[in-house]
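Trainee: Can we go through this one together? I'd like to ask as we go.

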Amino acid sequence: MAGGSHPSGFNPHLPGFRYQVLSKLLGASMWFFIFYRAREDGPKLLGLRHPWEGHLGEHTKHH
């Protein structure tokens with residue numbers, strides 16, 4: 001078998017340090033956003049709370 005240690009002969013290089021840091025930063029920000037939206041909209045999405053229940057106190061104070 002010619003071409004190195006991999007059977008297909010394809011040996012990709014490892015990503016640079018900048019790309020590793022950037023990928024971790026983007027991945028972490030994606031998960032923070034997902035968890036934030038789950039905290040805000042999760043009960044509504046799961047049917048534990050109605051979408052119109054969130055702001056009743058604010059509207060009744062003004063009237």
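Mentor: Start with Tyr36, which sits in helix H1, residues 17–46. Helices (H or I, at least four residues) and strands (E, at least two) are DSSP runs, numbered from the N terminus. This is a predicted model, where local features need pLDDT of at least 70, side-chain atom pairs count only at pLDDT 80 or more, and totals for chains, interfaces and linings use all residues. Residues are numbered from 1 along each chain as its sequence is written, and side-chain values use heavy atoms, leaving out hydrogens and water.

Trainee: Is Tyr36 buried, exposed or partly exposed?

Mentor: Tyr36 is partly exposed, because its relative accessible area is 40%. Buried means under 20% relative accessible area, exposed over 50%, and partly exposed in between (1.4 Å probe, protein chains only).

Trainee: Which residues form the nonpolar patch on the surface?

Mentor: Met30, Trp31, Phe33, Ile34, Phe35 and Tyr36. Together they have about 650 Å² of accessible area. Patch residues have over 30% relative accessible area and no salt bridge; like charges are joined within 9 Å, nonpolar side chains (Val, Leu, Ile, Met, Phe, Trp, Tyr) within 5 Å. Accessible areas come from the Shrake-Rupley method with a 1.4 Å probe, and for residues only the protein chains shown count as cover.

Trainee: New topic. Where does H1 bend?

Mentor: At Glu40, by about 55 degrees. A proline, Pro43, follows within four residues. The bend is the angle between axes fitted to the seven residues ending there and the seven starting there.

Trainee: And what comes just after H1?

Mentor: Gly47, with a positive phi of about 85 degrees.

Trainee: How many salt bridges are there?

Mentor: Two. A salt bridge is a side-chain nitrogen of Lys or Arg within 4 Å of a carboxyl oxygen of Asp or Glu. Asp41 pairs with Arg37, their closest N and O atoms 2.4 Å apart. Arg39 meets Glu40 at 3.5 Å, N to O.

Trainee: Why can such side chains pair?

Mentor: Because side chains of opposite charge can pair when their charged atoms come close.

Trainee: How far apart are Asp41 and Arg37 along H1?

Mentor: Four residues, about one turn of the helix.

Trainee: Is Arg39 buried or exposed?

Mentor: Exposed, because its relative accessible area is 59%. Glu40 counts as partly exposed, because its value is 32%.
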